[in-house]
Amino acid sequence: MANSGIVDGQQVISEDYIADIFSADADKAAAWEDGPYASALPGFKHYSNQWYVLDENVAFGIGSYGAYIAFNRETGVAIAKYSTYPTNPD
């Protein structure tokens, strides 16, 4: 999501998709507040398109088996953590 979704001059992530992630309309905010994770993650604005949104710049995703990714669109920094599990437990 760095550089508004542009890599090497090519749009690889839609600007509309990025805007939708970070937009917190009343429905998204209410769904978050009424959901099961708001009390566990106080201070987060909402959940959108598989991203937990902290503020107007920071979002993070939780993947399978301990994988995480966090993104700050103001600074363009992304931090990813691969799964800590050696194999799928199924």
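The following legends describe close-up views of a predicted model.

**View 1. The largest nonpolar core contains 8 residues.** Its members are Met1, Ile18, Ile21, Phe22, Trp51, Val53, Ala59 and Phe71. Helix α1 (15-22) and strand β4 (51-53) each supply at least two residues of this core. The most is given by α1, with 3 residues. In soluble globular proteins, nonpolar side chains tend to be buried together.

**View 2. Phe71, a member of the largest nonpolar core, is shown with its contacts.** When its neighbours within four places in sequence are left aside, Phe71 is in contact with Met1, Ala2, Asn57, Val58, Ala59, Gly76, Val77 and Ala78. Another core, of 5 residues, lies apart from the largest one; Trp32, Ala38, Phe44 and Phe60 are among its residues.

**View 3. Strands β4 and β5 form a hairpin.** There are 4 residues between the two strands. Strand β5 covers residues 58-62, and its pairing with β4 is antiparallel, over 2 bridges. Tyr52 has Phe60 of β5 as its bridge partner. Phe60 is also one of the residues of the 5-residue core.

**View 4. Strands β5 and β6 form a hairpin with 5 residues between the strands.** Strand β6 consists of residues 68-72 and pairs with β5 in the antiparallel sense, over 5 bridges. The bridge partner of Val58 in β6 is Asn72. Within this hairpin, Tyr65 takes a positive phi near 60°. In a regular strand, the side chains alternate between the two faces of the sheet.

Technical notes. Residues are numbered from 1 along each chain as its sequence is written. This is a predicted model: local features need pLDDT of at least 70, side-chain atom pairs count only at pLDDT 80 or more; totals for chains, interfaces and linings use all residues. Side-chain values use heavy atoms; hydrogens and water are left out. A nonpolar core is a set of buried Ala, Val, Leu, Ile, Met, Phe, Trp, Tyr and Cys residues joined through side-chain atoms within 4.5 Å. Buried means under 20% relative accessible area, exposed over 50%, partly exposed in between (1.4 Å probe, protein chains only). Contact means heavy atoms within 4.5 Å. Two strands pair if DSSP finds at least two bridges between them.
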